[in-house]
Amino acid sequence: MDDELVILGSGGGRHHVRTQYRATGGILYKFNGIQAHIDPGPGAIVRINQYNEDPTKTELFIVTHIHIDHFNDLCAMIEASRERLHDKNYNFFKKGTLITTEEVLKFVPKYHQDMLETIVPFKAGDIFNYKGVEIISTKVVHSRVEGFGIIFNLKNYTIAFSGDTRVFEGFSEQFSGVDILVLNLLRPDSVVCRRHLCTDEVIPYLNKIQPSLKGLLITHFGSYMDSPFSPKNYIPSQIEKLKDNTNINKIIAAEDGAKIKIVDLINK
């Protein structure tokens, strides 16, 4: 199985947007020969080239909510996904599917929407079948914007992307049956945020996911986790804490430019 995740940005929040201490380009998810770009934030177009990936292979775009660290480079990536933009009569060559919220669509120009084959407005609980793969949106509690997490149900495994969220009643249950969870973990230990997760508060909820996750990838780190403003890089200690306090087989942290095989997250 060649499916993989390519980390175009392990950072999140305004400090990483400003400093690019950790990149904010989102994630490429390659599955079943399909390339999806999830949350193409600032610098996505730079990072995809820096890490020797091909933007023309992207055919599925997913933007989970309107915050700038998740959707800033969407239009650039839509244009970059094609080698030719239009024919001699300036008719666009339509390519690609965009899954996002109604709120995000208000900020995507008609010019770029017209380049796409399909636009799918999404909210929590919606289901969309993309080339035989069931894509399910999950609930998030994050700020005052529309948003969602996302689950891909494939033949050999299921992978979920939490999106930006707090914990809430039902958080664990919606990931029942998921093999791999990509978790946006902004803050370390008990450094609570009203809009994001920290390690200590999410651990009990990870343990309630049944059956237990096979793999956990933590990403979308904020300035308290690792930045010039942080006393140290807390990510290694959070990996150890998660390993010590959950039954998840494989737990790793995202790093900018990392290319992670799905089989390595599933196998012990």
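Start with helix 7: its buried residues pack against strand 11 (180-184), strand 12 (215-219) and helix 8 (235-245). Keep in mind that this is a predicted model. Helix 7 itself spans residues 199-207, and the buried residues there are Thr-199, Glu-201, Val-202, Ile-203 and Leu-206. An α-helix has 3.6 residues a turn, so residues three or four places apart point the same way.

Next up is an open sheet built from 7 strands, in the order 6-5-4-3-2-1-14, with mixed pairing. At its edges sit strand 6 (118-121) and strand 14 (259-261), each of which pairs on one side only. On average, and ignoring direction, neighbouring strands in this sheet are turned by 20° against each other. Strands of a sheet pair through backbone hydrogen bonds, either parallel or antiparallel. For a parallel example, take strand 4 (residues 58-62) and strand 5 (residues 97-100), joined by 3 bridges. Across from Leu-98 in strand 5 you'll find Phe-61.

In soluble globular proteins, nonpolar side chains tend to be buried together. Here the largest nonpolar core has 31 residues, and the members touching the most others are Leu-5, Tyr-29, Phe-31, Phe-152, Ile-159 and Phe-161. Apart from that core lies another one, which includes Val-167, Phe-171, Val-178 and Tyr-234 among its 26 residues.

| Nonpolar core | Number of residues | Some members |
|---|---|---|
| Largest core | 31 residues | including Leu-5, Tyr-29 and Phe-31 |
| Another core | 26 residues | including Val-167, Phe-171 and Tyr-234 |

Leaving out residues up to four places away in sequence, Tyr-29 touches Leu-5, Phe-152, Ile-159 and Phe-161, among others. The contacts of Tyr-29 also include Glu-4, Gln-35 and Ile-262.

Helix 1 (14-19) and helix 3 (68-71) are the elements that give two or more residues to the lining. The largest share, 4 residues, comes from helix 1.

**A loop residue**

Finally, Arg-144 lies in the loop between strand 8 (133-138) and strand 9 (149-153). Is Arg-144 buried or exposed? Its relative accessible area is 85%, so Arg-144 counts as exposed, the cut-off being over 50%. Between Arg-144 and Val-191 there are 21 Å in space, C-alpha to C-alpha, and the two are 47 residues apart in sequence.

Terms used: Residues numbered from 1 in each chain as written. Predicted model: local features only at pLDDT ≥ 70, side-chain atom pairs only at ≥ 80, totals over all residues. Heavy atoms only, no water. Buried < 20%, exposed > 50% of the residue type's maximum accessible area, 1.4 Å probe, protein only. Contact = heavy atoms within 4.5 Å. Pairing = 2+ DSSP bridges. Axes fitted to C-alpha atoms, helices over the stretch in contact; angles between N-to-C directions. Core = buried A, V, L, I, M, F, W, Y, C linked by side-chain atoms within 4.5 Å.
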